Amino acid sequence: MKANNYSRRKFIATVSATSLAAASSSNLFAAPTVLKSSQKLAILGGEPVRKPDKPWPEWPYRDEKVVDTVVKTTKSGIWCRIQSANGTVPTFEKEFAKLLGTKYCLATGSGTQSLNTCVMALGIGAGDEVITSPLTDPGTISSILTANALPVMVDVDKDTFQIDPALIEKKITKNTKAIMPVDIAGNSCNMDAVMAIAKKHNLHVIEDSCQAVLNEYKGKKSGTMAGFGCFSFQTSKTIACGEGGAIIGDDQAFMDKCFTIHNHGTSRSGRTEVAGPKYRMNEFQAAVLLGQMDGVKERARIRTENGQYLNSRLKSFKAVTPQRLYDGDSGAFYLYMMTYHPEQFNNVPRATFLKALAAEGIKLSTYIPQGLHKEPWTKNILTQKVYQKMFEPARLQKFSNELSCPNVDKILDSVVMIWASGPLLGTRQDMDDIVNAIMKVYENRDQLKSI
């Protein structure tokens with residue numbers, strides 16, 4: 001395909017004044033600037049768009065309040081949640097539930113642990129199936145495999161990168177117990193469609209909102225639409241404490257069941273009632289989280305505004321296209337994902353584009369190398385006795401035969417992205433640097449042949 005002759009001047013002209021005005025509503029950002037002419041690429045000795053000494057906001061977030069909270073916890077000698085009903089973990093649980101507008105929160109040691117706790121609390125186990133997306137962190141699949149259930153892979157929509165509701169019903173069997181949609185990159189799945197399918201087939205929905213803290217879909221926060229949802233506070237996440245997770249919900253009986261499971265099977269009354277792992281969050285993790293709670297909403301607002309601004313700047317550009325959000329989705333932008341179209345860059349490989357962009361001072365990356373439908377677990381479970389006992393050979397063979405997810409493959413072969421937790425807290429000028437660097441490389445794409 002012949003590349004479009006699309007200049008930066010023409011590109012800027014096509015962006016509607018309305019969308020730019022809406023995206024520019026905050027006075028926190030500097031006015032946008034635009035490069036005026038093509039020039040030599042920095043990788044070939046030209047002047048970079050962004051100087052090497054111009055820093056991005058650091059991540060993970062930390063300030064003196066975070067340090068003070070950790071020091072205070074250290075000195076208190078209360079290092080485990082069972083030592084005090086008023087320690088940092090129960091206090092964080094109250095604050096996080098309030099933040100998301102739910103009655104209850106249970107803090108865990110990781111997002112994966114939160115997901116697995118919910119799987120177990122729903123009674124899902126050997127012989128059961130859970131439908132999910134392979135475009136995700138391995139923790140999603142691990143939470144199902146740990147319960148000896150079968151993760152059934154469904155392809156994603158090619159533009160939103162989210163699980164495709166049109167394909168879900170084709171994967172439902174008599175053993176299907178739940179759907180686990182993943183809010184990839186911090187943006188929402190088509191939850192209206194997912195919930196309708198779940199209701200039709202009497203299935204549970206476990207919201208994997210690990211990447212989507214404070215995202216909103218049609219006025220509802222991610223993780224609150226199915227009755228309960230799971231989050232991650234791993235170092236790269238938009239609220240981070242190294243490792244950590246949480247379950248939120250309004251059903252006290254279900255949340256108590258989750259507590260019992262995550263507390264090595266011991267209920268709040270102190271009786272060991274069921275088999276369960278020890279998934280408790282420790283007081284130091286919660287201290288780090290509590291120390292940053294005051295600014296969480298403001299940082300989320302800035303990140304969302306910057307993500308929407310980048311979308312407005314790039315929406316008419318055909319060479320690099322942003323992940324599409326569903327109508328009514330605010331976008332939390334844990335990752336800012338785009339599709340690189342090599343045919344628009346004279347078929348220069350993605351790796352070359354990334355090198356040229358990095359030289360301009362804008363370092364983008366790829367995501368995971370391949371979808372989880374292509375990882376070794378798909379073959380390993382076929383040899384495990386528990387799966388051989390609980391699933392008929394024909395079902396396991398069908399599972400293996402239906403692992404194809406071509407949209408996931410295409411996305412991962414072409415995605416370029418910003419690990420956005422820190423960078424999207426930058427100024428409007430920082431966002432313009434990103435766009436201007438992309439446009440500079442595009443306008444000078446003929447020079448890429450010599451790299």
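**Ground rules**

I am reading a predicted model, in which local features need pLDDT of at least 70 and side-chain atom pairs count only at pLDDT 80 or more, while totals for chains, interfaces and linings use all residues. I number residues from 1 along each chain as its sequence is written, and the side-chain values use heavy atoms, with hydrogens and water left out.

**Entry 1: helix 12 and helix 17**

I began with helix 12 (residues 350-359) and helix 17 (residues 428-443), whose axes come within 10 Å and cross at roughly 125°. Helices here are DSSP runs of H or I with at least four residues, strands are runs of E with at least two, and both are numbered from the N terminus. The axes are lines fitted to C-alpha atoms, for helices over the stretch in contact, and the angles run from 0 to 180 degrees between N-to-C directions. That angle makes helix 12 oblique to helix 17, given that under 35 degrees counts as roughly parallel, over 145 as roughly antiparallel, 65 to 115 as roughly perpendicular and the rest as oblique. I noted the crossing of helix 12 and helix 17 as right-handed, a term used if the near helix is turned clockwise from the far one by less than a right angle.

Which residues make the contact? Helix 12 brings Phe-353, Ala-356 and Leu-357, and helix 17 brings Ala-437, Ile-438 and Val-441, where contact means heavy atoms within 4.5 Å.

**Entry 2: salt bridges**

I then turned to salt bridges, meaning a side-chain nitrogen of Lys or Arg within 4 Å of a carboxyl oxygen of Asp or Glu, and the count comes to 20. One of them joins the side chains of Asp-433 and Lys-54 at 2.9 Å, N to O. Asp-433 lies in helix 17 and Lys-54 in the loop between helix 2 (17-23) and helix 3 (64-76), so this pair ties together parts that are 379 residues apart in sequence. Is Asp-433 buried or exposed? Asp-433 counts as buried at 3% relative accessibility, whereas Lys-54, at 30%, counts as partly exposed; buried means under 20% relative accessible area, exposed over 50%, and partly exposed in between, with a 1.4 Å probe and protein chains only.

I also looked up Arg-301 and Glu-305, whose side chains meet in a salt bridge at 3.0 Å, N to O. The two are four residues apart in helix 11 (residues 296-314), separated by about one helical turn. Arg-301 is partly exposed at 29%, and Glu-305 is buried at 15%. Salt bridges that share partners join Arg-50, Lys-54, Asp-430 and Asp-433 into one network.

**Entry 3: Gly-426**

I located Gly-426 in the loop between strand 13 (415-419) and helix 17, and found this glycine buried, with a relative accessible area of 5%. Gly-426 and Pro-55 are 371 residues apart in sequence, yet 9.4 Å apart in space, C-alpha to C-alpha.

**Entry 4: helix 10**

My last entry concerns helix 10, which is mostly covered, with seven of its nine residues buried. Among them are Glu-283, Gln-285 and Leu-289, and the buried residues of helix 10 pack against helix 3 and helix 4 (88-100).
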